Amino acid sequence: MSSLLLRKWTSQCYPEVFKALIFSCLSLSEILGRIRPIHSTLSHGDFLLPPPPSPSPSPSPSLQTLTHLPSMASHHHHHPQEDPEPNGATINNNHHHIPKKPKLTPFISDSEICSEFAHHDLGTARINNGSFGCCPGSIIAAQRDWQLQYLKQPDHFYFNCLRTGILRSRTIIKDLINAEHVDEVSLVDNATTAAAIILQQIGWAFAEGRFQKGDAVVMLHYAYGAVKKSIEAYVSRAGGYVIEVQLPFPLSSNDEIVNEFRKALERGKRNGRRVRLAVIDHITSMPCVVIPVKELVKICREEAVDQVFVDAAHAIGCTDVDMKEIGADFYTSNLHKWFFCPPSVAFLYCRKLASTHSDLHHPVVSHEYGNGLAIESGWIGTRDYSAQLVVPSVMEFIDRFEGGIEGIKKRNHDAVVEMGEMLVNAWGTNLGCPPDMCASMIMVGLPGCLGISSDLDCLKLRTHLRESFRVEVPIYYRAPKDGEEIGSVSGYARISHQVYNTVDDYYRFRDAINQLVHDGFTCALLP
Ligand SMILES: Cc1ncc(COP(=O)(O)O)c(C=O)c1O
């Protein structure tokens with residue numbers, strides 16, 4: 001059915017849906033996506049018409065036809081609203097408020113999950129979702145739909161579809177993260193870009209004399225390497241003083257983090273220095289641990305830190321993300337890591353009340369410069385914006401799982417802890433932190449006899465596991481402390497759990513390490 005015919009049919013049969021659609025420019029699969037949920041709110045006897053055809057990418061149309069309404073980020077205080085478009089048009093979001101009925105069909109089955117991830121290299125135990133995330137087949141298909149729509153008539157797409165599509169995605173994210181206003185939410189390529197946006201503004205403040213040379217920026221020692229480089233480029237170079245919060249590892253409680261953070265702020269404020277920015281990870285990358293961001297933001301406020309930026313690259317889909325609770329000025333999370341979007345898309349939240357809100361700019365300057373970060377970010381030149389447009393389809397995918405994103409998060413957490421404990425029991429080692437300090441990733445100690453004694457050893461062992469055992473897992477080197485026994489744990493693997501993982505993935509890893517230990521392998525043997 002063509003899009004036009006479908007719209008006509010919708011207007012006659014589903015006037016409410018049509019009303020919601022006429023303000024927007026939806027893809028064929030999105031229109032169908034809006035209609036299917038309405039069917040699901042009716043009992044079988046209520047059907048006046050045969051159900052509409054299923055969109056092509058669906059692996060199991062019969063199941064999907066009755067799948068209930070996507071939650072569209074309804075967890076937080078969702079009020080009916082019309083979001084103003086920057087150009088004065090409005091988007092009607094009434095589709096958020098179609099009443100929900102209990103789900104009539106089973107949730108996504110294991111075999112459907114397998115078919116959604118059939119493009120994965122099935123011969124490899126992928127227990128590293130944390131690095132690059134994953135994207136199900138139905139979302140890849142939805143992305144393709146958007147790409148084709150653009151290629152079909154680029155001018156029409158640019159003038160009539162792109163802005164509304166991005167606004168729709170931003171609105172969903174705004175509700176999901178409990179932001180105050182959609183203008184606080186921008187879509188950018190990734191957390192690296194988001195960090196550049198925030199740090200660039202700090203660089204300007206130094207350059208324009210609003211900050212004094214020697215004013216401080218505080219970050220965690222475990223901040224992501226690329227973000228540290230960004231701090232070097234925008235802050236150190238401009239004359240800022242950078243303070244690292246040293247954190248112990250392994251960790252046993254949040255207090256250890258809070259105490260070290262307080263100490264670092266004290267150092268930052270010595271000699272009358274101002275702390276202009278704190279960069280706090282929500283989930284550190286390597287080693288991974290969930291940081292008590294809410295407490296640390298509160299401490300920053302008490303200690304008069306000017307601005308707080310939370311680098312939460314891993315957070316959405318992995319741990320709780322609530323802007324009003326966390327209270328940071330800036331917060332970014334990738335959508336392509338734990339939220340099933342294709343690469344690459346992240347949101348950047350900038351609190352409206354933050355004093356610098358209007359001085360934030362995308363580092364790639366284009367026509368929209370000066371129209372607010374969210375609008376600037378919506379056009380940074382001709383390129384593929386499809387990853388930003390599939391967010392509504394991702395919500396539909398997520399809604400096929402029991403409990404939606406909350407259910408996914410909880411099951412991933414429980415499973416990764418169980419698998420982590422299974423591994424450390426098998427190897428006689430330890431976890432890197434207690435289960436309540438991790439989300440969907442956890443650090444597991446590797447046997448000391450593997451002789452991991454540098455970052456390079458970690459990289460070589462990782463490559464060996466990939467090439468000889470087909471296990472993909474990143475490894476962290478932790479230098480032994482003074483007086484620590486030789487042969488104690490010096491390497492930790494970061495294991496992830498996402499919906500596509502099975503217990504066999506972790507057994508493969510366990511057996512690979514057991515084999516290496518049995519064979520008397522040490523890292524010194526690797527070229
Ligand atoms: C804490 C943290 N920050 C930033 C990034 C960068 O993410 P991206 O490469 O998507 O920009 C990562 C990536 O793993 C990360 O773990």
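This is a predicted model: local features need pLDDT of at least 70, side-chain atom pairs count only at pLDDT 80 or more; totals for chains, interfaces and linings use all residues.
Residues are numbered from 1 along each chain as its sequence is written. Helices (H or I, at least four residues) and strands (E, at least two) are DSSP runs, numbered from the N terminus.

The axes of H7 (residues 137-152) and H16 (residues 391-398) come within 10 Å and cross at roughly 160°, where axes are lines fitted to C-alpha atoms, for helices over the stretch in contact, and angles run from 0 to 180 degrees between N-to-C directions. The crossing of this pair is right-handed; a crossing has that hand if the near helix is turned clockwise from the far one by less than a right angle, and is left-handed if anticlockwise. Ser-138, Ile-139 and Ala-142 of H7 make the contact with Ser-393, Val-394 and Phe-397 of H16, two residues being in contact if their C-beta atoms, placed from the backbone, lie within 7 Å. The contact comprises four nonpolar, two polar and no charged residues, with Ala, Val, Leu, Ile, Met, Phe, Trp, Tyr, Cys and Pro counted as nonpolar, Asp, Glu, Lys and Arg as charged, and the others, Gly among them, as polar.

For H9 (191-207) and H10 (225-236), the axes come within 9 Å and cross at roughly 20°, and the two helices are therefore roughly parallel to each other. From H9, the contact is made by Thr-192, Ala-195, Ala-196, Leu-199, Gln-200, Ile-202 and Gly-203, and from H10 by Ala-226, Val-227, Ser-230, Ile-231, Tyr-234 and Val-235. Nine of these residues are nonpolar, four are polar and none is charged.

H9 and H10 also each supply at least two residues of the shell around the ligand. The ligand is surrounded by Asn-190, Ala-191, Thr-192, Tyr-224, Ala-226, Val-227, Asp-281, Ser-285, Asp-311, Ala-313, His-314 and Asn-334, a residue being near a molecule or strand if its C-beta atom, placed from the backbone, lies within 6 Å of it. By class, this shell has five nonpolar, five polar and two charged residues.

The axes of H17 (residues 404-427) and H19 (residues 503-518) come within 10 Å and cross at roughly 20°, which makes H17 roughly parallel to H19. Their contact involves Met-419, Met-422, Leu-423, Ala-426 and Trp-427 of H17 together with Tyr-506, Phe-509, Arg-510, Ile-513 and Asn-514 of H19, and it divides into eight nonpolar, one polar and one charged residues.

Some features of the backbone were found in loops. The peptide bond from Phe-249 to Pro-250 is cis, with omega near 0°, and Pro-250 lies in the loop between strand S6 (241-245) and helix H11 (254-269). Asn-271, in the loop between H11 and strand S7 (275-281), has a positive phi of about 60° although it is not a glycine.

The mean pLDDT of the protein, pLDDT being the predictor's confidence in each residue from 0 to 100, is 85, and 80% of the residues reach 70 or more. Over residues 1-24, however, pLDDT stays under 50, and over residues 26-97 pLDDT likewise stays under 50.

Notes
Angles under 35 degrees count as roughly parallel, over 145 as roughly antiparallel, 65 to 115 as roughly perpendicular and the rest as oblique.
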